[in-house]
Structure formats: structure tokens, C-alpha cells
Amino acid sequence: MDKPATFWMLESMRKYATFSGRARRAEYWWFYLFTIIGSIVTSIIFAPLNIIFSLAVIIPSLAVGVRRLHDTNRSGWWLIAPIVILIPVYAIAFAMGLGGALGGIAGSGAAAGAGLGGAVIVLIIGGLAALVIGILLLVWFCSRGTDGPNRYGPDPLGAADGDLARDFA
């Protein structure tokens with residue numbers, strides 16, 4: 001590694017809201033470790049401090065995630081795909097559950113069971129879809145970036161083909 005871990009932990013804070021460009025794996029994962037350690041420490045010291053820390057790192061966390069996806073030549077919009085799936089799933093499940101509950105109040109036990117059972121099925125299917133996309137994102141975050149420049153900018157590692165440092169950065 002050409003730079004110390006502390007550099008990579010703070011690099012995303014220096015690029016606080018920079019959503020353009022590319023981020024190396026080192027930048028992403030060291031910042032991720034920084035946020036985990038910061039959350040643990042602030043929780044132990046004073047719980048409301050954890051809320052402040054979490055709010056302070058949410059924008060750089062999104063930005064480094066987008067830049068990491070850019071390094072693999074993918075759109076940063078993939079980062080919100082699990083949320084885009086879960087919001088309508090929760091809305092549909094809520095509507096189905098509410099319909100079942102209202103049917104139960106009206107005296108129809110069959111309607112209550114069907115509404116609540118359908119809501120559970122919708123939640124399971126939507127949750128599994130979000131899980132699959134989450135696993136896909138994890139694979140992309142762990143994958144090596146594209147060699148050379150791509151549509152999101154120059155290679156953050158340079159053009160060192162076959163370089164051992166490149167393979168593990």
C-alpha cells in the first residue's frame with residue numbers, strides 16, 4: 001500500500017460531497033472501517049454523539065460508494081437500488097395489511113388472514129430482492145476497478161498493467 005491507512009480513512013472526508021470520479025478499493029474499505037470504529041467509539045462515549053457522527057459521515061459514505069461503483073464502470077444509482085425496491089414493497093405490504101385489518105374489524109376473519117398473509121409474502125419477496133442487490137453491490141465493491149480510464153474518469157491507480165500493487169489495491 002502506497003499510503004498509510006489513516007490517509008485512506010480520511011480521504012473520503014476530504015472529498016466530502018464529491019460524487020464524480022473514481023475511488024480505489026482501499027479508499028472505500030478504509031473509510032468503511034473508519035465509520036464502523038467511529039460509530040462504536042461514539043456509542044460507548046455518549047449515545048447522542050453517535051447520531052451526530054452518523055449524520056456527519058452519511059454524505060461522504062454515499063459519495064465514496066458512488067465513486068467506488070464508478071471505478072467498476074457502473075452508475076452510482078445502483079447504490080440506492082435496495083431502497084428503491086423496499087419503499088414500494090413496504091407501501092404495498094402496509095396497504096395489504098391495513099386491508100386485512102379492516103376486514104377483520106368488519107367481521108371477516110378470512111379477509112383479515114388473506115390480507116396479512118399476502119403482506120408477509122410481499123415483504124419476503126421484496127426483502128429477498130433487496131438482499132440479492134445488496135450482495136451484488138458487495139461483490140462490485142470488492143471487485144477490482146476497470147483498468148485505464150473509463151467514462152467516470154482516469155484510473156486512480158494509473159496505467160500499471162500487471163502491477164502486483166494494482167492487483168491488491
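Let's begin with burial: of the 169 residues in the protein, 33% are buried. Buried means under 20% relative accessible area, exposed means over 50%, and partly exposed lies in between, with a 1.4 Å probe and protein chains only.

A word on the model itself. It is predicted, so local features need pLDDT of at least 70 and side-chain atom pairs count only at pLDDT 80 or more, while totals for chains, interfaces and linings use all residues. Residues are numbered from 1 along each chain as its sequence is written, and side-chain values use heavy atoms, with hydrogens and water left out.

Now the overall fold. The protein has six helices and zero strands. Along the sequence the pattern reads α-α-α-α-α-α. Helices are DSSP runs of H or I with at least four residues, strands are runs of E with at least two, and both are numbered from the N terminus.

Next, contacts, meaning heavy atoms within 4.5 Å. Take the contacts in the protein with a separation of 6 or more: 68% of them join residues 24 or more positions apart.

The surface is quick to state. The accessible surface is about 9,700 Å², and 77% of it belongs to carbon and sulfur atoms. That area comes from the Shrake-Rupley method with a 1.4 Å probe.

On to one helix pair. How do helix 2 and helix 3 cross? Helix 2 covers residues 25–45 and helix 3 covers residues 47–71. Their axes come within 9 Å and cross at roughly 170°. Axes here are lines fitted to C-alpha atoms over the stretch in contact, and angles run from 0 to 180 degrees between N-to-C directions. The two helices are therefore roughly antiparallel. The cut-offs are under 35 degrees for roughly parallel, over 145 for roughly antiparallel, 65 to 115 for roughly perpendicular, and oblique for the rest.

Who meets whom? From helix 2, the residues include Tyr28, Phe31 and Phe34. From helix 3, they include Phe53, Val57 and Val64.

Look now at Ser12, in helix 1, residues 5–14. Is Ser12 buried or exposed? Ser12 is buried, with a relative accessible area of 1%. Leaving out residues up to four places away in sequence, Ser12 touches Glu27, Phe31, Pro60, Val64 and Arg67.

Last topic: charges. Side chains of opposite charge can pair when their charged atoms come close. A salt bridge here is a side-chain nitrogen of Lys or Arg within 4 Å of a carboxyl oxygen of Asp or Glu. By this rule there are eight salt bridges.

Which residues form a network of them? Glu11, Arg14, Lys15, Glu27 and Arg67 are linked. Within it, Glu11 pairs with Lys15, the closest N and O atoms being 3.4 Å apart. Glu11 is buried at 12% relative accessibility. Lys15 is partly exposed at 25%. Lys15 also meets Glu27, at 3.8 Å from N to O. Lys15 sits in the loop between helix 1 and helix 2, and Glu27 in helix 2, so this pair ties together parts twelve residues apart in sequence. Glu27 is buried, at 2%.

One more pair. Arg144 forms a salt bridge with Asp147, with 3.0 Å between the closest N and O atoms. Arg144 is partly exposed at 34%. Asp147 is partly exposed at 43%.
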